[in-house]
Amino acid sequence: MMHFYRHVLPGIFVVLFSLVFFPFHLTAAESGEYIAIRKAGSGNIALVLNKLDANGRKETGFAQGLDTIIHDGLDFTKLFSMISPPLNVRDNSNRKNVVINFGALNSVGAEVYAGGVVTIKSGLVTLDMEVYETAGAKLLLRKTYTGKEGGLRSIGHAFCADLVELLTGKKSVFGSKVVFVSNKSGSKEIYQCDFDGYGLEQVTNSRSISMNPALSPDGKHLAYIDFTTGRPTLYIRSLADRKVASVGKSSVSIDPEWRNSSEVAATLSLNGDPEIYLIKTDGTISRRLTNSKGIDISPSFSPDGSKMVFVSSRNGLPQIFIQDMQSGQTKRLTFSGRYNTQPSWSPAGDKIVYTTWENSGEINIFTINADGSGLAQLTRKSGENKSPSWSPDGGMIVFTSNRKGKEKMYVMNSNGDNQRNLLQGDGEQTQPSWSLFR
Amino acid sequence: MKTMKPLLRSLIIPSMLFLGACCCGKETVVAPPPPPPPPVVLPGLGDVFYDFDKSDLRAEAIEQLKTNANWIQANTASNVLIEGHCDERGTSEYNLALGDRRANSAKDYIVNLGVAPARLKTVSYGEEKPFAAGSTEEAWAQNRRAHFVAQ
């Protein structure tokens, strides 16, 4: 008994204190402090996610739905070690206040505790969440999330986003989209789904060949290649009004990527030699970026837009180069591997992911620092692994693999851990691109 | 189906020229200036093939392109589309660019032989429309080509 009170009583004081004095949100300084502590020990965050409270049949149903959504959402990030709540995690006997037993949480090794209550207010599902750091019984987040009955995923993921951003200091995957190509209808069309494979939607229906989709950083435009006119043409579709601009109809267009929300870069073969151009969202060409004999394709930009990584065959087989946008100065990045393509610059700006077609016939995914150091192999002995694209936070990579037969989308941590299939379904899935926006 | 039209044309048009030359005798001949010896059936448009990752022209490709140039010069009513194709290996964006290089290397050679550039169009299908199915060296060799289509 004494033992129990020694652990619970300080917890009660902290909770009551925080109810009175803490604002709804944690201040930046406080979250920064927590992130700094986290970085010292870099493993997964030990999290106790307590079952949500609810009174009433409907509320209980929503709470169970949200439990699953939040659990699966946080699990998808692979940032957490989920610890089952200890049986005595809370003492509800004492008045209306929820008493969290931080002693019990600490003894099971939890670093962070999250719990909450589901109610229905004015017809809206209302989720009141609280997050504590267990060591100091310190409130990290208290926030209310509301939405319609049909929007449980958005409600749950809004909390997941706040939690991840609070604990890592980075943008989360929640709310982001993946655009990709599938031939399941019989022709290659563009589709999109949520970051976790939910909510599949068909985007194009040209019954021709559609390829290489890329969403603008603000999510307002989709750039892609389509063969409807008989030749691969770049299209820039405004997603709000579905207006489409096309570029280089008399040429061959290849592999667009956004530099920022108003400029896309793509290869056009205007004079019989594929060169990279910068193009505005209305389809007008603003300038030519490369000038070399041979193939120049697959641009991707540093987060500030000042540098471009791309593929060039100027030295023979394709290798990856970096070009300074202002000076035009170009240097070769990859010296390992005979055939290196599909570069993508990380959202943090430090790394570039790309693929190597190996002598064995495998295609593998590598990361390399933008200065050419720190080469790391992320896939091995798993067939052809292609088209890597970073999550908005840079913590994960979506790619395709034919490791189990047909080419399908997979996700992994940015260090290659936790490789797993993203989306089931018929046909092949190719050329995924993860949106930067949420 | 694609190869039907050029094939038919390649047979019919020269044979008509041949008949015309025989029947009309001293009358003026419409199409190209009468060749000194009795005209032979002009070979039709043919595809050319490439080495792995290359858009350079092989010796037999050059022979075929000369034949194609003659055909194009003889068939002034037709323009020609040159499609660049690749095998399935490597990555699709690079193959789309490589197909473009192949189509243009064939076009450039024919233009150098005197064919008006305006009569030649190029397109790349990369690895999207292979001719031969399968993942064998034979299939790959068939799929690394510039395909000539009379339009």
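Me: What does the secondary structure of chain A come to?
Reply: Helices (H or I, at least four residues) and strands (E, at least two) are DSSP runs, numbered from the N terminus. In this predicted model, chain A has five helices and 32 strands. As for conventions, residues are numbered from 1 along each chain as its sequence is written, chains are lettered from A and ligands numbered from 1 in the order written. Local features need pLDDT of at least 70, side-chain atom pairs count only at pLDDT 80 or more, totals for chains, interfaces and linings use all residues, and side-chain values use heavy atoms, without hydrogens and water.

Me: In what order do the elements of chain B run?
Reply: Chain B holds four helices and four strands, and from the N terminus the order is α-β-α-β-α-β-α-β.

Me: How many residues does helix α3 of chain A have, and what does it reach?
Reply: The expected span is 1.5 Å times one less than the number of residues. Helix α3 (residues 57–77) of chain A has 21 residues and reaches 31 Å from first to last C-alpha, close to the expected 30 Å. A:K78, with a positive phi near 55°, follows α3(A).

Me: Which residues of α3(A) are buried?
Reply: Buried means under 20% relative accessible area, exposed over 50%, partly exposed in between (1.4 Å probe, protein chains only). Among the buried residues of α3(A) are A:F62, A:L66, A:I69, A:I70 and A:F76, and also A:E59 and A:D67. Of the 438 residues of chain A, 54% are buried; for the 151 residues of chain B the figure is 44%.
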